[in-house]
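Please consult the sequence and model below alongside the text.

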Amino acid sequence: MTEHLARPLIQADPEIAKAIYNETARLDNGLEMIASENYVSEAVLEALGSVFTNKYAEGYPGRRYYGGCEYTDVVERLAQSRAKEIFAADHINVQPHSGAQANMSVYMAVLKPGDTILGMNLSHGGHLTHGHQLNFSGKYFNVVAYGVSQETEQIDYDALSQLAHEHKPKMIICGASAYSRIIDFERIGAIARQTEAYVLADIAHIAGLVAVGLHPSPVPHMDFVTTTTHKTLRGPRAGMAMCKEEFAKKLDSAVFPGVQGGPLVHVIAAKAVCFLEALHPSFKDYQTQVVKNAAVLANSLKDLGFRLVSGGTDNHLILVDVFAKGITGKAAEKALELSGITANKNTIPFDKNPPLVASGIRIGTPALTTRGMGEKEMQTIATWIAEVLTDPENSMRLQNIKTEVQKLCKNFPLYTKRLLAYE
Ligand code: PLP
């Protein structure tokens with residue numbers, strides 16, 4: 001099947017075919033440690049590359065503005081019912097093209113421009129769409145930001161509560177992009193009720209953990225829950241929004257026609273496949289290993305003398321304060337890349353460096369765990385990371401580690417059949 005599909009592209013557009021081949025080889029030969037990335041299954045890829053990319057289907061199942069939607073309805077209904085089974089939300093909209101659009105839809109459902117929102121500071125681990133000044137959320141709303149305590153580097157719930165009582169925001173937004181600890185959704189839900197605010201949890205990063213009960217679910221405590229489907233959930237690059245029944249109509253019309261036009265039916269088909277995979281018992285084993293691997297990596301790095309923001313991790317990611325070792329996040333990202341390890345620079349709370357330099361690197365285990373790597377590999381990788389960051393200018397050493405990385409990757413093949421299909 002794969003071979004059959006690869007040939008038309010090589011013939012029609014060799015330049016793009018070559019870029020896809022090179023990207024596949026890059027994934028196969030390197031260690032992907034960006035916390036927000038993962039490797040989807042062949043089944044998800046097949047759905048993504050399906051003929052549903054041809055289809056216009058504005059509207060919702062049974063209520064479309066286009067003909068020929070009978071199989072599209074099958075796909076969207078399956079995606080909805082599987083997502084409901086995973087997250088136990090009253091209502092699910094599977095159409096958001098991305099996490100940002102899922103959040104925009106929620107805001108559009110119940111907020112007006114100029115309303116006050118209370119979101120987590122980006123530099124403390126929040127996301128751009130939670131009120132950053134350069135994002136639509138920061139431009140259209142009056143933003144008040146909460147963050148972590150300087151002492152514990154964990155969310156300061158007392159300060160959050162105080163800000164909510166003082167500013168009376170229309171919505172409180174929780175969830176994060178670079179936060180390694182359990183989030184107390186129940187407590188934030190209670191603060192929202194006390195202050196009569198709507199409350200949204202954005203679980204883009206931890207959705208896979210929530211799906212199997214390894215992180216407490218926000219669903220019972222929130223009016224809205226949004227997520228991406230491509231991080232720990234291991235599906236296609238896309239978004240999804242959930243809500244209590246009373247907001248269902250508002251949310252649906254905010255997604256379409258409010259924020260988006262036609263849904264990406266091929267992507268919804270791939271989401272449905274991802275949800276089916278997430279319902280399989282092996283998905284819990286996978287997530288359990290993701291968390292175990294992150295804990296081993298965290299402990300190994302600590303043993304090797306690194307300072308971790310908040311002292312450790314409860315989830316799939318860690319934030320390492322590399323500046324405490326005298327190297328910037330930017331330099332660390334570059335040196336790791338030259339060694340075959342992909343991670344990203346990240347600001348740490350109360351960072352002294354600007355965002356494009358940053359004092360931290362964010363490292364995650366979802367992708368490597370998908371490849372089958374376990375605790376032993378994490379310990380080895382921690383020693384490589386330590387070697388790279390201790391001597392980032394030593395190009396010979398970086399090259400030697402890259403060779404070791406490639407040897408390790410050969411034992412955990414990924415998209416080998418795809419590579420062969422292009423050769
Ligand atoms: N929300 C959170 C917490 C995220 O971490 C991200 C992506 O990193 C998003 C939303 C945005 O998702 P997307 O890139 O699909 O718009």
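In this predicted model, 32 residues of domain 1 are in contact (heavy atoms within 4.5 Å) with 29 residues of domain 2. Residues are numbered from 1 along each chain as its sequence is written. Local features need pLDDT of at least 70 and side-chain atom pairs pLDDT 80 or more, whereas totals for chains, interfaces and linings use all residues; side-chain values use heavy atoms, without hydrogens or water.

**Domains**
- Domain 1 comprises 15–22 + 30–39 + 281–421, and domain 2 comprises 55–278; the bounds come from an automatic or database domain assignment.
- The C-alpha centres of domain 1 and domain 2 are 27 Å apart.

**Nonpolar cores**
- A nonpolar core is a set of buried (under 20% relative accessible area, 1.4 Å probe, protein chains only) Ala, Val, Leu, Ile, Met, Phe, Trp, Tyr and Cys residues joined through side-chain atoms within 4.5 Å.
- The largest nonpolar core has 63 residues, of which F87, I172, I203, L233 and F275 touch the most other members.
- A second, separate core of 35 residues includes V296, A343, M378 and I385.
- Beyond its neighbours within four places in sequence, I172 contacts residues including L118, L160, I188 and Y198.

**Residue Y66**
- Y66 lies in the loop between strand 3 (63–64; a DSSP run of E, at least two residues) and helix 4 (70–87).
- Y66 counts as partly exposed because its relative accessibility is 36%, between the 20% and 50% limits.

Conventions. Helix = DSSP H or I, 4+ residues; strand = E, 2+ residues; numbered from the N terminus.
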